[in-house]
Amino acid sequence: MALFASDTVLVPIDFSEEASHALNEALAHFGSATTIHVLHVLSLLEPTQPGMVWQTVDDQTRIEHIKALFHEKFVGQAYERVKFTVKIGNPSSEIIDYAEGNAIDLIVIPSRGRTGLSRFFLGSVAERVVRFARCPVLVLRH
């Protein structure tokens, strides 16, 4: 019997090395019967950003660029069964909402291991997801 018997697994990514490692671990440890969801959360655009002022950037083009980047970076048969989604908003809130809305059984999230002032001021997305998610969360440290 497996410790984490899951039908649906969510792996939030930010295209860091740690996130790539978490996605590869999820693909390796869960059978082909498991649906792997991958979520990338974009930050909200500020009205004062140059792309917004000159109207050269909008949310739809940002989403299209991220999807293209995902399909460029993660090539291969293993990634074909992944359901990739892009959301816009607060990362921890969007991850938790996505997990609840898609009946996710397990969240596999990487941790960068910030300490000191950077953790105090920036916080930890993984920590907030662990605290507020209604499903089990597996935090991987690289």
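Which side chain makes a polar contact with the side chain of H37? It's the side chain of Y98, at 2.8 Å; a polar contact is a pair of N or O atoms within 3.5 Å, where, within protein, one must be able to donate a hydrogen and the other to accept it, and residues adjacent in sequence count only if both atoms are side-chain atoms.

## Ground rules

This is a predicted model, where local features need pLDDT of at least 70, side-chain atom pairs count only at pLDDT 80 or more, and totals for chains, interfaces and linings use all residues. Residues are numbered from 1 along each chain as its sequence is written, and side-chain values use heavy atoms, with hydrogens and water left out.

## Strand β1

β1 pairs with β2 (residues 35-42) in the parallel sense over five bridges; strands pair if DSSP finds at least two bridges between them. Here P12 has L39 of β2 as its bridge partner.

β1 also runs parallel to β4 (residues 106-111), joined by two bridges. In β4, I107 is the bridge partner of L10.

## Back to H37

H37 sits in β2. It counts as buried because its relative accessibility is 6%. Leaving out residues up to four places away in sequence, H37 touches T8, V9, L10, V11, K83, Y98, N102 and I104 (contact means heavy atoms within 4.5 Å).

Terms used:
Helices (H or I, at least four residues) and strands (E, at least two) are DSSP runs, numbered from the N terminus. Buried means under 20% relative accessible area, exposed over 50%, partly exposed in between (1.4 Å probe, protein chains only).
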